[in-house]
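The sequence and the structure are shown first, and the description follows them.

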Amino acid sequence: MTAVSACTTSAAARTDAGSDAPAPGWVVLAAKAAAWSTVPSGLWRLCFATGATMGFSGEALAFLHQAVPGWGSVYMIALSVVAELLSFLTIGLVRPWGRVVPRWIPLLGGRRVRPLAAIVPAALGSLILTAGAVLGVLGWNSPDNMGNPDAPHGFAGLAMTLCYLPLVAWGPLLALVVADYARRTLRRR
């Protein structure tokens, strides 16, 4: 590919991306809410990863402290970072970089994003997140979770519940944003 054709390709991609209708305001808010939905649980996991008991006691705390701090901490930090990055990708569905790869990305910068390359993984992610949220809500008070006598209770239990509750919205919010992205990007095909 020559420099002239590369410039033409990226200029065409920018022109095509600009012709897409912008996301409605409510969809932009849904995308931002989806991106923020992972922050409270991530902060809770980061506190736990540093060795804070976060309200656990007895055998549950002893079991958890076998790996925290240690590899369990690395896992919790990595899980939090991955969740934050994945939720942030929702913003791309309402921003220009969701239609044209940013120029600073090697080899792909300036190229148009194929709509299905964004829609299919995001839709699958939405389904998985929604199913996981339903299962999480249904099992939250089970003996293996918050129903365990050694699980956080009182204020610590309330804090943990409130930190994880926004995750329930992540899948449905992502589904709304993906549906609008598909409507806007597949309309011209």
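## Terms and model

The model is predicted.

## Overall fold

The protein chain has 8 helices and 0 strands, and from the N terminus on its elements run α-α-α-α-α-α-α-α. Among the contacts in the protein chain with a separation of 6 or more, 73% are accounted for by residues 24 or more positions apart.

Of the 189 residues in the protein chain, 35% are buried. The chain exposes about 11,000 Å², and carbon and sulfur atoms supply 74% of that area.

In soluble globular proteins, nonpolar side chains tend to be buried together. Here the largest nonpolar core has 22 residues, and L93, V94, V177, V178 and Y181 are those with the most contacts inside it. Helix 2 (25-36), helix 6 and helix 8 (167-186) are the elements that give two or more residues to this core, and the largest share, 7 residues, comes from helix 8.

Leaving aside residues up to four places away in sequence, V94 touches A23, V27, V28, A31, V177 and R184. A second, separate core has 13 residues, and A49, M76, M160 and Y164 are included in it.

## Packing of helix 3 and helix 7

Helix 3 (residues 39-49) packs with helix 7 (residues 154-164) at an angle of about 135°, and their axes are 6 Å apart. Angles under 35 degrees count as roughly parallel, over 145 as roughly antiparallel and 65 to 115 as roughly perpendicular, with the rest oblique; helix 3 and helix 7 are therefore oblique to each other.

On the side of helix 3 the contact involves P40, S41, W44 and R45, which meet M160, C163 and Y164 in helix 7. By class, the residues of this contact divide into 5 nonpolar, 1 polar and 1 charged.

## Packing of helix 5 and helix 8

Helix 5 (residues 71-92) and helix 8 pack at an angle of about 30°, with their axes 10 Å apart, and the two helices are therefore roughly parallel to each other. The contact is made by A83, L86, S87 and T90 of helix 5 together with W170, L174 and V177 of helix 8. It has 5 nonpolar, 2 polar and no charged residues.

L174 also takes part in another contact: S126 touches G171, L174 and A175, not counting residues up to four places away in sequence. S126 is found in helix 6 (residues 115-139). With a relative accessible area of 4%, S126 is buried, because the term applies to values under 20%.

## Local backbone features

A cis peptide bond, with omega about -10°, joins V68 and P69, and P69 is found in the loop between helix 4 (58-64) and helix 5.

Positive phi values occur at M54 and at L107, neither of which is a glycine. The phi of M54, a residue in the loop between helix 3 and helix 4, is near 55°. The phi of L107 is about 70°, and L107 has its place in the loop between helix 5 and helix 6.

Terms used: Residues are numbered from 1 along each chain as its sequence is written. This is a predicted model: local features need pLDDT of at least 70, side-chain atom pairs count only at pLDDT 80 or more; totals for chains, interfaces and linings use all residues. Side-chain values use heavy atoms; hydrogens and water are left out. Helices (H or I, at least four residues) and strands (E, at least two) are DSSP runs, numbered from the N terminus. Buried means under 20% relative accessible area, exposed over 50%, partly exposed in between (1.4 Å probe, protein chains only). Contact means heavy atoms within 4.5 Å. Accessible areas come from the Shrake-Rupley method with a 1.4 Å probe; for residues, only the protein chains shown count as cover. A nonpolar core is a set of buried Ala, Val, Leu, Ile, Met, Phe, Trp, Tyr and Cys residues joined through side-chain atoms within 4.5 Å. Axes are lines fitted to C-alpha atoms, for helices over the stretch in contact, and angles run from 0 to 180 degrees between N-to-C directions. Ala, Val, Leu, Ile, Met, Phe, Trp, Tyr, Cys and Pro count as nonpolar, Asp, Glu, Lys and Arg as charged, and the others, Gly among them, as polar.
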